[in-house]
Amino acid sequence: MKDSMAVKLLLLAVAICRLIITVGLTVVPTEVRLSVEKSELEAASVDFGMLSRGEPLAVVHPVSAEDVARVVEAAYNGGFAVSARGHGHSINGQALMTKEKGVVIEMGKGVPRVWEKEMYVDVWGGELWIHVLKATLEYGLAPMSWTDYLYLSVGGTLSNAGISGQAFNHGPQISNVHQLDVVTGKGELLTCSEDRNSELFHAVLGGLGQFGIITRARIALEPAPHRVRWIRVLYSNFSTFCKDQEFLISLHGKPASERFDYVEGFVIVDEGLINNWRSSFFSPSNPVKITSLNADGGVLYCLEITKNYHQGNADSVDEEIQGLLKMLNFIPTSVFTTDLPYVDFLDRVHKAELKLRSKGLWDVPHPWLNLFVPKSRIADFDKGVFKGILGNKTSGPILIYPMNKNKWDHRSSVVTPEEDVFYLVAFLRSALDTETLEYLINQNRQILRFCHDSEIKVKQYLPHYTTQQEWMDHFGDKWTQFNAMKMQFDPRRILATGQRIFQFEPFTEKDD
């Protein structure tokens with residue numbers, strides 16, 4: 001390869017020189033570890049999506065925010081790119097070095113610090129949410145807003161939004177952050193909040209890693225419930241399903257006794273999905289038959305809801321649930337209920353992961369597509385996609401649930417549809433062979449083309465585009481501010497280049 005070894009040695013020399021603190025004549029090495037081991041480079045070359053590949057020049061293991069700042073400062077002055085990696089759960093190479101020459105910062109783990117009286121926790125940006133949960137539960141506390149899968153990094157989800165069934169009431173994870181420590185693209189380590197460096201604070205939340213690397217987040221907490229009543233009910237009529245979901249999320253802000261704590265749903269177009277996905281929920285001896293439920297167009301819709309409770313109010317939880325269920329119009333014979341500890345509910349997807357890993361079905365390509373669909377067009381989406389493009393095979397779960405826009409801070413970088421209520425529709429598919437992968441990728445394109453041609457103004461969540469014009473269209477009115485923040489906090493465009501929003505061009509001090 002023309003430049004591989006020479007460039008690698010040059011950049012590593014620059015990095016190592018920069019990764020020291022010089023005070024007078026005293027040189028103090030940092031504790032940061034920089035590796036070019038083949039196994040580490042290989043691990044940092046792929047992500048969960050397995051749709052892209054890109055090998056970094058080196059993998060850096062920091063032990064402090066200051067280490068991260070020194071790496072980024074070295075990159076800023078030395079002309080190479082930097083990507084922070086948490087759990088590597090990006091889909092389309094967003095955390096990879098797909099074309100650029102640069103280093104990956106493997107953020108690793110920290111030790112969450114719980115402030116019991118103040119009801120918040122300080123966590124390292126690379127920490128996984130499952131570890132945050134376990135640390136806070138020791139104090140009887142927990143964050144309020146989650147993602148469905150807890151083996152994601154705090155910095156990773158806050159750079160996107162972080163959503164699950166609690167978002168209708170508490171907003172996304174980015175709406176539950178008090179403060180951040182951020183290393184900007186210039187190598188500056190800044191603390192930011194609503195009152196301090198507020199422009200950076202709001203830009204970084206949902207900012208796709210474009211303005212800085214989150215090294216610490218202060219997350220709001222609440223008293224943690226002990227147990228969860230987990231309920232699924234089925235619908236054959238999409239309009240009724242949506243009406244009930246929208247009713248349930250309209251109860252946000254009500255006392256806990258008058259609402260559910262979590263509202264999600266999913267689409268069922270084949271019986272294999274409902275009887276196999278998280279199969280422990282349903283009885284294998286009494287499988288659900290789509291044909292027996294008069295599914296509209298061969299499609300069923302499952303509403304998934306939970307009620308949190310403590311030992312102290314266990315006696316009243318059944319009455320509260322029944323009072324809410326009476327207001328819904330699901331198929332009467334389709335109520336499925338289970339009861340489990342709070343932590344087991346939150347960690348439910350990991351249990352499915354372990355089963356898939358045991359069968360060799362986890363480390364496969366995941367051509368996922370996540371869309372925010374405006375409420376006013378969700379029926380058109382159902383007709384054109386669920387009952388049209390999809391056919392009768394999904395290759396994985398399809399989530400669908402509404403959220404309240406007023407729970408999202410408009411000052412963040414996230415883009416959502418311009419309606420008070422919008423739906424997440426998440427196609428979480430897996431491809432076990434090349435033919436299936438090509439089929440699913442083509443189907444994703446068909447879905448996006450259908451939305452474009454039908455003028456359904458969807459917004460991608462965990463967005464993926466290949467041209468800056470597409471990104472400008474995605475951000476719409478927010479683009480001018482987004483671009484200005486990039487020029488202010490990462491003017492040399494060295495951060496998160498895998499997002500393909502801005503073009504990275506190698507830069508050296510002599511170019512200044």
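Let's start with helix α3 (residues 65-78), which lies across β4 (58-61), β5 and β6 and runs at about 170° to β6. Lying across here rests on contact, meaning heavy atoms within 4.5 Å. Angles run from 0 to 180 degrees between N-to-C directions, with axes as lines fitted to C-alpha atoms, for helices over the stretch in contact. Helices (H or I, at least four residues) and strands (E, at least two) are DSSP runs, numbered from the N terminus.

This is a predicted model: local features need pLDDT of at least 70, side-chain atom pairs count only at pLDDT 80 or more, and totals for chains, interfaces and linings use all residues. Residues are numbered from 1 along each chain as its sequence is written, and side-chain values use heavy atoms, with hydrogens and water left out.

Now the sheet under discussion. It is open and mixed, with 4 strands in the order β3-β4-β6-β5. Strands pair if DSSP finds at least two bridges between them. β5 and β6 (residues 102-106) run parallel and are joined by 5 bridges. In one of these, Ala81 has Gly102 in β6 as its bridge partner.

In the loop between β5 and β6 we find His89. Which residues does His89 touch, not counting those up to four places away in sequence? They are Phe48, Tyr149, Leu152 and Trp368. His89 and Gly156 are 67 residues apart in sequence, but 8.4 Å apart in space, C-alpha to C-alpha.

Next, charges. Side chains of opposite charge can pair when their charged atoms come close. A salt bridge needs a side-chain nitrogen of Lys or Arg within 4 Å of a carboxyl oxygen of Asp or Glu. The whole structure has 23 salt bridges. One of them joins Arg53 and Glu42, at 2.5 Å, N to O. Arg53 sits in the loop between α2 (38-43) and β4, and Glu42 in helix α2, 11 residues apart.

Last, two helices. The axes of α13 (residues 378-389) and α14 (residues 434-453) come within 11 Å and cross at roughly 155°. The two are therefore roughly antiparallel to each other, a word used for angles over 145 degrees.

Notes. Angles under 35 degrees count as roughly parallel, over 145 as roughly antiparallel, 65 to 115 as roughly perpendicular and the rest as oblique.
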